[in-house]
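Subject: Handing over the model

Hi there,

Here is the structure I promised to pass on to you. Please have a look at it first, and then read my notes below.

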Amino acid sequence: MSQEIHTQITAEEIGHEFEGHAPTANVSDYAIEDWITLIVFWLMAGCVFLQFFTRYVLNDSYAWTEEIAINCLIGVVFLGSVMCVRTSRHIQVDVFYHYMPAGLARVLATFVDIVRIGFFAYGCHLMWRYVDIVADEQMVTIDLPRNIVFYSVLVAFVLMLIRAVIVFIANMRRGYSVLERPEEFQTIEG
């Protein structure tokens with residue numbers, strides 16, 4: 001077993017590490033669903049803060065904040081999944097592709113794209129049926145229909161389906177996917 005060697009550095013040297021220029025943000029890297037997810041996230045954070053403040057500071061908690069925060073979390077998860085589909089950042093195992101012949105890897109990656117599209121199409125179908133079943137339910141603590149949440153999940157599945165089709169077309173045009181060549185999809189920082 002090799003021994004780790006730690007080089008001592010001063011606080012001033014550490015401080016100089018932060019003097020470099022911050023990378024510039026490119027707003028064009030984000031899509032409309034990213035901005036909607038950010039808004040829903042901050043709405044959720046505001047509800048959680050309000051719940052904490054009213055419970056522990058005022059000792060009189062607002063009951064509706066928990067339900068709204070939970071529903072916002074549902075929105076953040078599913079709308080955030082749209083971004084993961086668009087950028088091919090969902091959990092995936094690509095190590096097998098390095099040990100396969102290129103032709104087999106291409107066929108398997110195409111199969112994965114088709115299964116993903118089928119999954120999201122089926123998810124759209126299931127959510128459409130579910131929204132129809134529970135269309136008349138109300139939220140418990142506030143007088144709003146629960147189908148607001150369910151429709152946001154349905155919209156997220158539709159967007160994931162659209163993004164999956166776009167990714168599939170891009171993979172076919174490019175001739176490889178993130179599974180086959182993950183290094184091609186790494187962003188360069190700095």
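A word on naming before the details: helices (H or I, at least four residues) and strands (E, at least two) are DSSP runs, numbered from the N terminus. This is a predicted model, so local features need pLDDT of at least 70 and side-chain atom pairs count only at pLDDT 80 or more, while totals for chains, interfaces and linings use all residues. Residues are numbered from 1 along each chain as its sequence is written, and side-chain values use heavy atoms, with hydrogens and water left out.

Let me start with Q51, which sits in helix α2 (residues 32–57). Q51 is buried, because its relative accessible area is 13% (buried means under 20%, exposed over 50% and partly exposed in between, with a 1.4 Å probe and protein chains only). Beyond its neighbours within four places in sequence, Q51 is in contact with S61, T65 and E66, where contact means heavy atoms within 4.5 Å.

The loop between α2 and α3 holds N59. Its phi is positive, near 55 degrees, and N59 is a residue other than glycine. For background, most residues other than glycine have a negative phi. N59 counts as exposed because its relative accessible area is 68%.

**Helices α3 and α4**

Both helices can be checked against an expected span, which is 1.5 Å times one less than the number of residues. For α3, with 23 residues, the distance from first to last C-alpha is 33 Å, close to the expected 33 Å. Helix α4 (residues 102–133) has 32 residues and should span 46 Å; its end C-alpha atoms are 46 Å apart, so the two values agree.

Which residues of α4 are buried? They are A105, R106, A109, T110, D113, I117, F120, G123, C124, M127 and V131. These buried residues of α4 pack against α3 (64–86) and α5 (147–174).

After α3 comes S88, in the loop between α3 and α4. S88 is not a glycine, yet it has a positive phi of about 55 degrees. With a relative accessible area of 10%, S88 is buried.

S88 also turns up in the lining of the largest cavity, together with Q92, D113, R116, V167, N171, S177, V178 and L179. The elements that give two or more residues to this lining are α4 and α5. The volume of the largest cavity is about 40 Å³, and the structure holds one cavity of 30 Å³ or more. By class, three lining residues are nonpolar, four polar and two charged. Here Ala, Val, Leu, Ile, Met, Phe, Trp, Tyr, Cys and Pro count as nonpolar, Asp, Glu, Lys and Arg as charged, and the others, Gly among them, as polar.

The search runs on a 1 Å grid over the protein atoms alone: a cavity is a set of points where a 1.4 Å probe fits but cannot get out, a pocket is an open set with protein on both sides within 12 Å along at least five of seven lines, and lining residues have an atom within 4 Å of a point. Grid points are joined across faces, edges and corners, and a volume is the space filled by probe spheres set on the points.

**The second largest pocket**

This pocket has about 210 Å³ of space. Its lining consists of V40, L43, I68, N71, C72, G75, L79, M139, L144, I148, V149 and S152. Two or more lining residues come from each of α2, α3 and α5, and the largest share, five residues, comes from α3. The lining has nine nonpolar, three polar and no charged residues.

**Aromatic pairs**

There are nine aromatic pairs in the structure. Rings of Phe, Tyr and Trp (its six-membered ring) pair if their centres lie within 6.5 Å; planes under 30 degrees apart count as stacked, over 60 as edge-to-face and the rest as tilted. Y30 and W35 form an edge-to-face pair, because their ring centres are 5.7 Å apart and their planes at 65 degrees. Y30 is partly exposed at 45% relative accessibility, and W35 is partly exposed at 39%.

F119 and F120 are also an edge-to-face pair, with 5.5 Å centre to centre and 65 degrees between the planes. F119 is exposed at 52% relative accessibility, whereas F120 is buried at 6%. Ring pairs link F78, F119, F120 and F157 into a cluster.
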